[in-house]
Amino acid sequence: VYNFDISNTASTNGVNIYLSVNNTIPSIEGYTLTVNPSEKSVIINGKTNAGVLYGVQSLLSLLSHGRSISQMEIRDEPRFQYRGMFIDVARNFIPKTVLEKLMDAMTMYKLNKLHLHLADDEGWRIEINDLPELIEVGSKRCHAEKKGVCLIPQLGSGPYNTTSGSGFYSIQDYKDILSYAKKRHIEVIPEIDMPGHARAAIISMEARYRKYNTTSINQAQKYRLIDPDNKSHFLSVQNFKDNAVNPCIESTYDFIDKIVSELKAMHSAAGHPLNVYHFGGDEVAHTAWVNSTKCHQLHLFGDAESIRNELKMLFTQRVANITFNHGLNIAGWEDGFNAGNGMPFNRGMYQNHQVYSNAWDNVWEWGEARRAYNYANSGYKVIMSHATHLYFDHPYEPDPEERGLYWAPRFTDSYKTFGFLPDNLYENIDVTRMGVPLSKSDVCGVNNNKCPPLLKPENIAGVQGHLWSETILSEDNVYYMVFPRLLALAERAWHKAPWESVAENIKRNRDMNNDWDNFAETLGKKELNRLDSIGIKYRIPPPGGNLDGGEIKFNTAFPGLSVEYSSNSQTWNNRTIPYTGSPVFLRTKSADGKRTSRIVQFSPIKSSALHPFG
């Protein structure tokens with residue numbers, strides 16, 4: 001029994017809040033919440049402690065209205081078991097304190113998986129016992145006079161190792177992150193990306209090789225990741241020519257086993273057991289091993305692409321066996337398991353209890369959206385990670401002043417994420433990368449033969465938002481790109497809206513827009529204020545405006561936020577104003593009134609370009 005003094009309710013006297021675990025609740029994360037004002041009591045029951053926590057979060061959300069809570073009974077449970085957020089800390093480093101604040105918000109909105117991308121070409125971010133080179137070399141970007149001191153500067157890191165291009169989590173830092181997550185019922189899933197995207201690890205292990213080569217050749221070779229006789233010429237998607245570990249040498253698997261062992265030990269020490277190891281597996285250059293002497297010794301036959309697939313299959317099997325021997329499940333990006341023609345490797349190859357695949361590659365005109373349902377139908381547990389709706393490193397608007405990449409969609413706003421249909425993937429088809437309208441038949445064919453149906457919906461594990469960090473140079477950048485899109489993600493992850501099951505497009509879109517209006521108003525009048533209260537500097541959407549009888553009427557994506565205008569961008573007012581033809585500048589204020597959006601100039605000719613959805 002917890003005794004709280006709850007103000008702004010039916011009574012400001014003490015209210016008893018009872019929390020308990022009740023095994024009769026069907027869902028593992030389900031809860032019931034009963035409010036009885038006459039008895040001054042709130043009762044929260046959960047199937048598990050996680051369910052109790054989610055009931056408490058719902059109560060806190062209700063209280064944040066600042067109004068009385070009437071008698072009510074809520075029975076609630078999540079739509080998906082996997083409700084995740086992916087954070088790339090490799091391209092640019094993101095400090096522990098930022099991850100902790102992110103987890104606070106994830107808890108508020110009932111997200112339960114934190115997928116940490118700990119290593120990539122541009123950085124290695126976690127300390128590993130006995131392999132100090134990984135942080136001494138692989139965690140730093142700088143200009144250096146000799147090889148093996150650091151990685152090359154890129155992605156805005158500059159010549160020194162004091163910027164966001166450099167940094168790592170010590171073993172204690174990582175255990176702190178795990179402990180913080182455990183208290184919030186968040187599972188941390190570590191990813192070490194291989195066999196591609198591995199330049200930081202390769203450069204680090206080459207520094208180790210040089211250190212030991214003159215004293216102990218066995219020690220030098222032990223964790224080496226390349227075949228020095230590999231004469232293959234390749235270029236990765238990100239223009240690296242030396243970023244693929246070699247799958248044909250035993251030392252590669254010694255390295256991976258070492259990493260998995262050390263991660264497992266850190267998780268155990270933190271009381272947060274490791275359950276899933278994510279090996280990456282994406283975007284391996286097509287000719288990375290075509291002229292490797294060690295790979296030729298395996299006597300594989302066929303063209304370069306078929307040999308590459310054979311070696312990928314070998315690699316995934318070996319990594320899966322390592323994780324299985326450690327009692328773990330395995331996860332990878334969908335292309336890591338891709339056998340070709342939209343189909344995965346045979347699920348029976350892997351002994352792991354579960355094999356998770358992040359389905360990300362749904363740029364519609366590329367023709368690979370089919371993978372998500374093909375993989376689920378083949379027995380993989382699929383995490384819907386689709387770049388067109390769930391990649392938060394893309395701009396909110398198609399505006400040059402908005403931060404972000406735009407290789408998948410031109411932009412992704414909160415409205416688009418809110419409207420994502422994970423159970424009806426092909427109904428999300430809308431436009432090409434550059435905004436040219438697409439119909440379902442353009443992508444799927446006249447008879448839908450290019451878009452296989454979902455036959456095993458039980459294998460859709462859940463959904464995940466993603467922040468790749470190429471353009472993330474500060475803590476504020478993180479919050480700007482993730483929030484408020486994370487709230488739209490959380491809505492789709494926890495709740496299947498009735499409009500998602502409407503077959504007729506016009507009615508479904510109308511119902512969805514009505515639901516969005518309610519959601520947007522909830523953000524503007526309540527939830528953004530909650531984010532302000534925990535110090536999260538979410539993106540404030542610039543306002544729009546229209547001419548109405550000679551006056552400028554303001555509007556904002558999230559009703560409840562106030563809009564200000566200025567004729568000189570120096571002095572600001574907040575009322576409707578007549579339009580005289582002179583320049584008028586607009587900005588939106590945050591829910592707590594302490595920050596403002598970027599400034600936009602009102603133009604009656606271009607007012608439709610002021611995007612209404614935030």
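Which residues line the second largest cavity? The model shown throughout is predicted.

**Figure 1. Lining of the second largest cavity.** The residues that line this cavity are Val 363, Trp 364, Glu 365, Thr 388, Ala 408, Pro 409, Lys 416, Asp 430, Val 431, Thr 432 and Arg 433. By class, the lining divides into 5 nonpolar, 2 polar and 4 charged residues. The volume of the second largest cavity is about 50 Å³. In total, the structure holds 4 cavities of 30 Å³ or more.

**Figure 2. The disulfide of Cys 142 and Cys 150.** The sulfur atoms of Cys 142 and Cys 150 lie 1.9 Å apart, and the two residues form a disulfide. A disulfide is a covalent bond between the sulfur atoms of two cysteines. The link of Cys 142 and Cys 150 is left-handed, with -90° about the S-S bond. Cys 142 has a relative accessible area of 11% and is buried. Cys 150 is likewise buried, at 12%. Both values can be read against the cut-off for buried, which is under 20% relative accessible area.

**Figure 3. The disulfide of Cys 248 and Cys 295.** In this pair the sulfur atoms are 2.1 Å apart. The torsion about the S-S bond is 95°, and the link of Cys 248 and Cys 295 is right-handed. Cys 248 counts as buried, with a relative accessibility of 15%. For Cys 295 the relative accessibility is 5%, and this residue also counts as buried.

**Figure 4. The disulfide of Cys 444 and Cys 451.** Cys 444 and Cys 451 form a disulfide in which the sulfur atoms are 2.0 Å apart. This disulfide is left-handed because the torsion about its S-S bond is about -85°. Cys 444 and Cys 451 are both buried. The count for the structure comes to 3 disulfides. When bonded cysteines are counted along the chain, the disulfides follow the pattern 1-2, 3-4, 5-6.

**Figure 5. The annotated domain at residues 80-496.** An unreviewed UniProt entry places the feature "domain: Glycoside hydrolase family 20 catalytic" at these residues. Over residues 80-496 the chain is 32% helix and 14% strand.

**Figure 6. An open sheet of 3 strands.** The strands are arranged in the order β17-β18-β20, and their pairing is antiparallel. β17 (544-548) and β20 (577-578) stand at the edges with a single partner strand each, so one side of each has no neighbour in the sheet. Strand β18 (residues 551-555) is joined to β20 by 2 bridges, and these two strands run antiparallel. Glu 551 stands opposite Pro 578 in β20.

Technical notes. Residues numbered from 1 in each chain as written. Predicted model: local features only at pLDDT ≥ 70, side-chain atom pairs only at ≥ 80, totals over all residues. Heavy atoms only, no water. Disulfide = S-S within 2.5 Å. Buried < 20%, exposed > 50% of the residue type's maximum accessible area, 1.4 Å probe, protein only. 1 Å grid on protein atoms, 1.4 Å probe; cavity = no way out; pocket = protein on both sides within 12 Å on 5 of 7 lines; lining within 4 Å. Points joined across faces, edges and corners; volume = space filled by probe spheres on them. Nonpolar A, V, L, I, M, F, W, Y, C, P; charged D, E, K, R; others polar. UniProt positions renumbered as here; feature names shortened; annotations may be inferred. Helix = DSSP H or I, 4+ residues; strand = E, 2+ residues; numbered from the N terminus. Pairing = 2+ DSSP bridges.
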